[in-house]
Amino acid sequence: MQFFGSSEISPSPPVPTASGNNAHMMYVFNRNGVCLLYREWNRPLRTLDSNQDHKLMFGLLFSLKSLTAKMDPSSVEKGNLGVPQLPGQGCSFHSFRTNTYKLSFMESPSGIKIILVTHPKASDLRESLKYIYNLYVEYVVKNPLYTPGTPIKSELFNTTLDQYVRGLG
């Protein structure tokens with residue numbers, strides 16, 4: 001059974017609100033910070049090599065998760081800033097926006113982190129991220145040839161993801 005929704009991929013996915021020229025890039029990290037997938041659709045400017053880029057993105061997520069947990073007004077136990085938290089533990093964030101991009105984020109209970117960077121005017125992408133996670137479960141996790149923790153090379157997953165993000169699927 002999948003984490004989000006039913007045991008099958010929905011025949012009518014959520015409308016890809018980050019479609020076409022609005023989606024810039026996507027990252028999938030495991031709980032250890034290993035980048036399992038990186039895709040670009042419309043990245044206007046490349047400034048770093050891919051290893052630096054992946055490390056900076058994972059570091060940003062780690063820092064934001066720590067900060068939101070520390071700032072949580074509903075929790076008496078604040079913990080130490082920078083101490084990792086389990087998925088779903090404490091306060092979390094879903095997205096942030098700058099004047100040039102919007103970063104949308106979701107984390108599964110198993111620690112898989114999906115990050116989608118889009119145009120700053122993109123709407124709430126939580127349902128789209130859940131759908132992408134369900135694609136990941138269906139085409140990657142359930143694949144008996146996939147070794148967990150290794151880069152995602154599934155042609156079917158990549159094709160379906162591209163079609164969805166570009167608004168063709």
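Buried here means under 20% relative accessible area, exposed means over 50%, and partly exposed lies in between (1.4 Å probe, protein chains only). Strands (E, at least two residues) and helices (H or I, at least four residues) are DSSP runs, numbered from the N terminus. The model is predicted: local features need pLDDT of at least 70, side-chain atom pairs count only at pLDDT 80 or more, and totals for chains, interfaces and linings use all residues. Residues are numbered from 1 along each chain as its sequence is written, and side-chain values use heavy atoms, with hydrogens and water left out.

**Stop 1: strand β1**

Start by selecting residues 23-29, which make up strand β1. This strand is mostly covered, with seven of its seven residues buried. Two strands count as paired if DSSP finds at least two bridges between them. Met-25 has Glu-40 as its bridge partner in β2. Follow the chain from β1 to β2 and you trace a hairpin with five residues between the strands. In that turn, click on Gly-33, whose phi is positive at about 90°.

**Stop 2: strand β5**

Which strand is joined to β1 by six bridges? Select residues 113-118: this is β5, and β1 and β5 run antiparallel. Met-25 is bridged to Val-117 of β5, while the β5 partner of Met-26 is Leu-116. Six of the six residues of β5 are buried, so the strand is largely enclosed by the rest of the structure.

Show the side chains next. In a regular strand, side chains alternate between the two faces of the sheet. In β5, Lys-113, Ile-115 and Val-117 point one way, and Ile-114, Leu-116 and Thr-118 point the other way.

Bring in β4, residues 102-107. β4 and β5 pair in the antiparallel sense over six bridges, and Leu-103 stands opposite Val-117. These two strands also form a hairpin with five residues between them, and Gly-111 in the turn has a positive phi of about 95°.

**Stop 3: helix α2**

Select residues 126-141 for helix α2, where the buried residues include Leu-129, Ile-132, Tyr-136 and Val-140. What do the buried residues of α2 pack against? They pack against β1, β2, β4, β5 and α3, where contact means heavy atoms within 4.5 Å.

Turn to the side chains of Lys-130 and Glu-127, which meet in a salt bridge (3.5 Å, N to O). A salt bridge is a side-chain nitrogen of Lys or Arg within 4 Å of a carboxyl oxygen of Asp or Glu. Lys-130 and Glu-127 sit three residues apart in α2, about one turn of the helix. Lys-130 counts as partly exposed because its relative accessibility is 29%, and Glu-127 does so at 48%.

**Stop 4: a link across the chain**

The structure holds six salt bridges. For another one, select Arg-39 and Asp-162, whose closest N and O atoms are 2.4 Å apart. This pair links distant parts of the chain: Arg-39 is in strand β2 and Asp-162 is in helix α3, 123 residues apart. Is Asp-162 buried or exposed? At 16% relative accessibility, Asp-162 counts as buried, whereas Arg-39 is partly exposed at 21%.

Finish at Arg-166, in the segment after α3 (155-165). Arg-166 is partly exposed, with 44% relative accessibility.
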